[in-house]
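Subject: Structure handover

Hi there,

Here is the structure I promised to pass on to you.

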Amino acid sequence: MPSRRYVQGWGALSLAVGAVLVTTAAAQDPAPGRAAVAAARGPALLTVGTCSVTGGLCRVPRTTVTLDAPAPVELPGVATGPVDLALRTPGRLTDVTVTDRRGRRIAGRAGGDGTRWTSEVPLPAGGAYTARLVLEEDRPGGVRRRILRLAVRTAKAPVGERLTVAFGPGEGAPGRTYGVGQPVTAQLSHPVPAAEPGARRIVERALEVRSEPRAEGAWHWVDADTLHYRPRVYWPSGATVRVRSGLDGARVTDRLHGGRSRPLTFTTGSRVEAVTDVAAHEMRVYRDGRLLRVIPVTTGKPGFRTRVGTKVVLGKESMVRMRGDSIGIARGSREFYDLKVRWATRVTWSGEYLHAAPWSLDAQGSEDVSHGCTGMSTEAARWLFRTVREGDLVRVVHGYGEPMTPFGNGYGDWNLGWPEWLRGSALGVRPARPGSAGSPLRPAL
C-alpha cells in the first residue's frame with residue numbers, strides 16, 4: 001500500500017537526512033479467526049518509536065498508545081532517526097498522512113503488510129505533528145473502515161552547539177543578479193570532518209537549492225566547513241535561485257544540532273563569456289552565444305604566465321592600485337611596479353584582473369608582456385567593465401600558464417568535470433532527474 005511521499009512547502013521539514021528505513025521489527029497480526037474479529041471491536045493500539053539512524057533498526061523502548069487518545073505522544077530526547085508507527089491490533093493501515101502544525105506533509109513509506117509506517121526523515125526537535133490513519137478491520141458481514149488520529153510531539157533540542165550556515169554569494173538581497181557561472185557557497189559555523197561521513201550526509205541533504213528554470217546540480221565539500229554548489233552546465237539565463245537550510249532542530253552529531261540559517265535568493269542574467277585566446281592575443285566576448293566584440297589583448301609573459309581554464313568574475317573596481325610586492329616581486333627589482341589601474345575586473349583573489357593597460361598598447365594583439373593580468377586599451381577595458389557582472393565567465397584557452405585551481409583563489413569550480421565534482425559529494429550518487437536541482441534522496445518539499 002503506497003503512501004504519499006510528497007512534502008509540500010518551504011518549511012523546516014526539508015532536512016532530509018535519510019533513505020527509506022529497513023526494519024526487522026515488523027508487527028505480526030494474530031491468526032485470523034474469532035479471536036481476531038473480537039479484538040477488532042476493541043480500541044486500536046499503535047506503538048510509536050524512533051530509529052537509531054536512517055536505515056537502521058528502531059530503538060526500544062517503544063510507546064504503545066490507543067489511537068484517538070486525547071494526550072499527544074512525546075518522543076523522548078531529540079529524534080535521531082526516522083519515526084516508526086506499528087499497528088498492534090488486527091487490521092490494515094490503508095493510508096497514513098502525517099503533517100506538522102502548518103499542515104505540511106512528512107515523507108514516509110508504509111510496510112507491505114499494512115501494519116507499519118516509517119518517516120523517511122527524522123522529525124525536527126520541538127515540533128508538533130498529527131497522524132491521520134485509515135484503518136480497515138475484518139468484521140462479520142464485511143470490512144469496517146475507521147479514520148483515526150494520533151498527536152506526536154518531539155522534545156526540544158538540548159542546549160549546546162548549533163550548526164548554522166552562511167550562504168553566498170553576497171548578502172542574497174532579493175533582486176541581486178549574478179552571472180550564470182556563479183557557484184553557491186555554504187559556510188558552516190562548525191567543521192564537519194570527512195571522518196564523520198554520516199554527519200556530512202545529514203548536512204548536505206539539508207542544504208536545499210532550487211532554481212526556476214530547473215538545473216541539475218550538486219554540492220561539493222571544499223573542506224570541513226565549506227561547500228560549493230554548482231549546476232552541471234551553468235545556470236540558465238534569467239533563472240531565480242533559492243537556497244535554504246533545513247538543519248534547524250536536526251541532530252547532526254552527539255554534540256551538534258542544527259540551528260536557524262538565513263536563506264538566499266538571487267537571479268541570473270544573460271550568459272556572458274569572455275574568452276581569451278592567448279596564442280591569438282585576442283579576447284572574444286559573447287552574450288548568450290552571440291559575439292559582441294573582439295578585443296586585442298596582452299597576457300602574462302614568461303615567468304608570469306596567465307592561468308588557463310575557466311574563472312568567474314569576483315568583482316569590479318574602477319580604480320585599483322597594483323604593486324609588484326603583492327605577487328612576490330621585490331621592491332627595487334627590475335620587475336617591480338606600482339601603478340594605479342583603471343577599469344579592473346577581478347578574476348582571482350591573488351590579484352589577476354582584466355584591466356586597462358595603456359602602457360602596453362603596442363604589444364596588445366601581438367605579444368605577451370604583462371605580469372599575469374589580461375591588459376587591453378582603456379576604452380576596451382571600460383566597455384568590458386560595463387558589460388560583465390559578478391558570476392560571469394572568463395575562459396583562458398591556448399595558453400602556457402598553470403591551470404586555474406578549483407578552490408582557494410576564486411571560483412575555479414568549473415575546471416572540475418562533472419564526475420569529479422560529484423566525487424566531492426557526501427551522498428556519493430548522481431542527481432537522478434535531469435533538470436532538477438539537489439539530491440534525489442532529499443524528499444521534495
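This is a predicted model: local features need pLDDT of at least 70, side-chain atom pairs count only at pLDDT 80 or more; totals for chains, interfaces and linings use all residues.

Residues are numbered from 1 along each chain as its sequence is written, and side-chain values use heavy atoms, with hydrogens and water left out.

First, the overall picture. The protein chain has four helices and 28 strands (DSSP runs, H or I of at least four residues for helices and E of at least two for strands, numbered from the N terminus). Of its 445 residues, 51% are buried (under 20% relative accessible area, with exposed over 50% and partly exposed in between; 1.4 Å probe, protein chains only). Among contacts (heavy atoms within 4.5 Å) with a separation of 6 or more, 70% join residues 24 or more positions apart.

Next, the cores. A nonpolar core here is a set of buried Ala, Val, Leu, Ile, Met, Phe, Trp, Tyr and Cys residues joined through side-chain atoms within 4.5 Å. The largest one has 34 residues, and Val-203, Leu-207, Trp-219, Trp-235 and Leu-247 touch the most other members. Elements giving two or more residues to this core include helix H2 (197-206), strand S14 (207-212) and strand S15 (217-223); H2 gives the most, with four. Apart from this core lies another, of 23 residues, among them Leu-46, Leu-67, Trp-117 and Ala-131.

H2 itself is mostly covered, with seven of its 10 residues buried. Its buried residues pack against strand S10 (161-163), S13, S14, S15 and S17.

Helix H3 (residues 378-387) is worth a look too. Ala-380, Ala-381, Leu-384, Phe-385 and Thr-387 are its buried residues. Seen down the helix axis, they fall within an arc of 165°, so they line one face of H3 (the arc is that of the directions from the helix axis to the C-beta atoms). Strands that they pack against include S21 (282-287), S24 (315-323) and S25 (338-346).

Now the aromatic residues. The structure holds seven aromatic pairs (rings of Phe, Tyr and Trp, the latter by its six-membered ring, with centres within 6.5 Å; planes under 30 degrees apart are stacked, over 60 edge-to-face and the rest tilted). Tyr-234 and Trp-414 make an edge-to-face pair, 4.6 Å centre to centre with 65° between the planes. Tyr-234 lies in the loop between strand S16 (226-231) and strand S17 (240-245), and Trp-414 in the loop between strand S28 (393-397) and helix H4 (418-422), so the pair ties together parts 180 residues apart in sequence. Tyr-234 is buried at 13% relative accessible area, and Trp-414 is buried at 11%.

The rings of Trp-235 and Phe-266 are also edge-to-face, with centres 6.3 Å apart and planes at 85°. Trp-235 is in the loop between S16 and S17 and Phe-266 in strand S19 (residues 264-268), 31 residues apart.

The charged end of Arg-230 is over the ring of Trp-421, 4.9 Å from its centre, and Arg-386 lies over the face of Trp-343, at 5.6 Å from the ring centre.

How values were computed: A charge sits over a ring if NZ of Lys or CZ of Arg is within 6 Å of the ring centre and within 35 degrees of the ring normal.
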